[in-house]
Amino acid sequence: MLRSAAKCTIFLIRPNTAKLVYVFRLLTAEMLFICSVIKSTWKYIFEEWFPGSGYVYDEGKVNFEFYDERCHSWVDTVMEIYVPVKERAGK
C-alpha cells in the first residue's frame, strides 16, 4: 500500500518490469468520491511519487485510466491508472 486517506487507498503495482509501467490501483469506499480521488491521485503521482521514485514519466508512451466491473458499484470502487515510466538519467 502506497498511501491511505479517508477517501481512498492507493496501491502501487508493477506487473511487468520489462515494460516499465507502474499501475496505481485506487480503492475508494464510496463512488461519490471517485472523481476527486482520481484527480488527487494524478497530482500525487507527478508531484510526490515521481520525484522520489528514481523514474520519470515516459512521454513517448501512453498513460490511461482503466475502469472495469470493479468500478460499477457505489461501495468499494476500484480503478487503475497506468503510467509509463523510464529510469531517471544518472541513476
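Modeller: Rings of Phe, Tyr and Trp count as a pair if their centres lie within 6.5 Å. In this predicted model, Trp42, Phe46, Trp49, Phe50, Tyr55 and Tyr57 form one aromatic cluster.

Biologist: How many aromatic pairs does the structure hold?

Modeller: The structure holds 8 of them. In one of these pairs, the rings of Trp42 and Phe46 have their centres 6.2 Å apart.

Biologist: Why is the pair of Trp42 and Phe46 called stacked?

Modeller: A pair of aromatic rings is described by the distance of the centres and the angle of the planes. The centres of Trp42 and Phe46 are 6.2 Å apart, and the cut-off for a pair is within 6.5 Å. Their planes stand at 20 degrees, while stacked means under 30 degrees, so the pair is stacked.

Biologist: Where do Trp42 and Phe46 lie?

Modeller: Both are in helix 1 (residues 34–53), 4 residues apart, which is about one turn of the helix.

Biologist: What makes Lys43 and Glu47 a salt bridge?

Modeller: Side chains of opposite charge can pair when their charged atoms come close. The closest N and O atoms of Lys43 and Glu47 are 3.4 Å apart; the cut-off is within 4 Å, so the two form a salt bridge. Both residues are in helix 1, 4 residues apart, and therefore separated by about one helical turn. Lys43 and Glu47 are each exposed.

Biologist: How many salt bridges does a search of the whole structure find?

Modeller: The search finds 2. Besides Lys43 with Glu47, there is a bridge between the side chains of Lys61 and Asp58, at 3.3 Å from N to O.

Biologist: How do you know whether Asp58 is buried or exposed?

Modeller: The relative accessible area of Asp58 is 10%. The limit for buried is under 20%, so Asp58 is buried.

Biologist: Which residues form a nonpolar patch on the surface?

Modeller: Val62, Phe64 and Phe66 do, with about 290 Å² of accessible area together. Phe64 sits in strand 5 (residues 64–66).

Biologist: Why does Phe64 count as partly exposed?

Modeller: Phe64 has 38% relative accessibility. That is between 20% and 50%, so Phe64 is partly exposed. Patch residues need over 30%, and 38% passes that limit.

Biologist: What is the order of elements in the protein chain?

Modeller: From the N terminus, they run β-β-β-α-β-β-β, giving 1 helix and 6 strands.

Biologist: Which elements have the lowest and the highest mean pLDDT?

Modeller: Strand 1 (residues 3–4) has the lowest, 51, and strand 4 (residues 55–57) the highest, 89. The mean for the protein chain is 75, with 68% of residues at 70 or more.

Note on methods
Residues numbered from 1 in each chain as written. Predicted model: local features only at pLDDT ≥ 70, side-chain atom pairs only at ≥ 80, totals over all residues. Heavy atoms only, no water. pLDDT = per-residue confidence, 0-100. Helix = DSSP H or I, 4+ residues; strand = E, 2+ residues; numbered from the N terminus. Patch = residues over 30% accessible without salt bridge, like charges linked within 9 Å, V, L, I, M, F, W, Y side chains within 5 Å. Areas by Shrake-Rupley, 256 points an atom, 1.4 Å probe, with all protein chains shown as cover. Buried < 20%, exposed > 50% of the residue type's maximum accessible area, 1.4 Å probe, protein only. Phe/Tyr/Trp six-rings, centres within 6.5 Å; stacked < 30°, edge-to-face > 60°.
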